[in-house]
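Open your viewer, get the selection tool ready, and let's walk through some side-chain contacts together.

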Amino acid sequence: MQKNRVVITGLGIISPVGNDVSSFWNSLKTGKGGVGPLTSFDATNFDSRIAAEVKGFDPGLYGMDPKEARRTAKFVQYAIAASKQAIESSGMDLNKENKERIGVLIGSGIGSLYVIEEEHKIMLSKGPSRLSPFLIPMLIVNEASGYVGIKFGLKGPNLCVATACASGSHAVGDAFRIIERGDADVMIAGGTESCIVPTAVGGFCALRALSKRNDNPGKASRPFDRDRDGFVMAEGCGLVVMETLEHANKRKANIIAEMAGFGMTCDAYHITAPDPDGEGAARAMTLALADAGLKPEEVDYINAHGTSTKLNDKVETLSMKRAFGAHAKKVMVSSTKSMTGHLLGAAGGVEFVACCLAIRDGVVPPTINYEYPDPDCDLDYVPNTARESKVKVCMSNSLGFGGHNASLVVKNLK
């Protein structure tokens with residue numbers, strides 16, 4: 001079967017370091033972080049009292065009136081906003097398109113825990129008859145994709161991926177496959193998340209996964225650094241418009257990059273811990289390169305999962321060595337989570353946008369807060385300062401609880 005070539009033509013971002021692509025990218029290039037004291041609830045009794053929250057978000061700027069916003073969970077609002085940005089930046093006039101050939105695939109790891117918490121309080125205090133009729137549609141993870149389809153009248157393939165912190169990357173990869181095989185001409189794809197709420201923060205604290213650097217939040221997310229002590233929870237959304245090269249050329253679109261390869265595997269090891277030998281993640285990278293028809297030495301930059309936890313960073317470094325061999329010491333690697341925090345199910349989407357921008361502008365974002373080298377993490381992590389370098393091929397990695405591994409390869413259009 002002849003596969004369609006797939007290109008990226010539009011980008012959309014809501015993030016802790018900027019609510020549009022320009023401000024987001026300027027923050028990454030200048031090493032500006034978005035972590036601060038947690039403000040969405042009183043975290044006094046929590047071990048971790050810091051987060052990377054979205055700031056100044058107004059759903060009204062994206063066509064949502066107050067009534068609609070009240071009935072829509074925040075992770076869905078973020079998806080609507082990022083979709084609108086991505087569509088507009090792609091230059092696509094939806095009124096001139098066959099909307100039956102445009103689909104949506106947005107991943108989310110959790111959905112809306114906030115709605116569950118608030119409605120559970122109502123049920124306990126006032127009884128089930130007082131529950132909101134919007135409880136279920138507000139909390140389920142597929143509503144981001146569904147709502148975007150409704151909002152923009154998009155009638156093509158519409159689905160959701162939920163693979164924990166690999167959700168956004170799996171969504172981009174699966175959307176790529178849908179277009180490759182001809183089931184859609186255009187897909188909006190990526191990830192969205194907003195669950196900085198007591199239950200989620202408390203749960204991750206119980207797992208001992210979060211940083212406790214409460215007195216110095218700006219230094220808390222420090223991937224690959226010897227003194228890392230956990231990740232920082234974040235929220236936001238990262239989406240792209242993907243389409244066939246033929247469709248993009250026909251409408252004379254500005255093409256940012258070409259989607260080249262996708263690999264996915266399972267560790268089959270543990271529900272939360274990565275396989276210590278890094279085999280599963282390495283195999284996902286190898287599969288993605290094979291899918292792209294590229295050799296390891298052709299990759300210029302890897303946007304690592306790089307969560308800032310002791311286990312992840314050590315194992316991911318090992319997995320990159322397994323997949324790239326001698327080239328692992330030469331390829332540029334960075335974790336933008338050092339600035340954005342960990343957006344969970346949205347991370348892969350946000351980081352894929354960063355990869356597209358690195359190719360577009362020839363700038364590799366840094367790993368900030370890299371101060372003390374860890375002997376177990378000994379690659380070129382582009383420490384603290386962005387690096388101007390021509391990026392022809394980029395890989396983005398995401399690893400999720402449950403052993404989910406996803407690797408995406410994107411390249412400049414030849």
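Is Glu371 buried, partly exposed or exposed? With a relative accessible area of 37%, Glu371 is partly exposed. Here buried means under 20% relative accessible area, exposed means over 50%, and partly exposed lies in between (1.4 Å probe, protein chains only).

Before the next stop, a word on the model: it is predicted, so local features need pLDDT of at least 70 and side-chain atom pairs count only at pLDDT 80 or more, while totals for chains, interfaces and linings use all residues. Residues are numbered from 1 along each chain as its sequence is written, and side-chain values use heavy atoms, with hydrogens and water left out.

**Stop one: salt bridges**

The term stands for a side-chain nitrogen of Lys or Arg within 4 Å of a carboxyl oxygen of Asp or Glu. Helices (H or I, at least four residues) and strands (E, at least two) are DSSP runs, numbered from the N terminus. Lys219 is partly exposed, at 29% relative accessible area.

Next, select Lys151 and Glu68, whose closest N and O atoms are 3.0 Å apart in another salt bridge. Lys151 sits in helix 6 (residues 143-152) and Glu68 in helix 2 (residues 66-70), 83 residues apart. Lys151 is partly exposed at 29%, whereas Glu68 is buried at 17%. The structure holds 22 salt bridges.

**Stop two: aromatic rings**

Rings of Phe, Tyr and Trp (its six-membered ring) pair if their centres lie within 6.5 Å; planes under 30 degrees apart count as stacked, over 60 as edge-to-face and the rest as tilted. How many aromatic pairs does this rule give? The count comes to 7.

Select Phe204 and Phe231, an edge-to-face pair at 5.2 Å centre to centre, with 80° between the planes. Phe204 lies in helix 8 (residues 198-206) and Phe231 in the loop between helix 8 and strand 7 (236-244), so the pair ties together parts that are 27 residues apart in sequence. Phe204 is buried at 13%, and Phe231 is buried at 6%.

Then try Phe224 and Tyr381: their ring centres are 4.1 Å apart and their planes at 10°, so this pair is stacked. Both Phe224 and Tyr381 are buried.

Finish by selecting Phe57, Tyr62 and Tyr78, which form one aromatic cluster.
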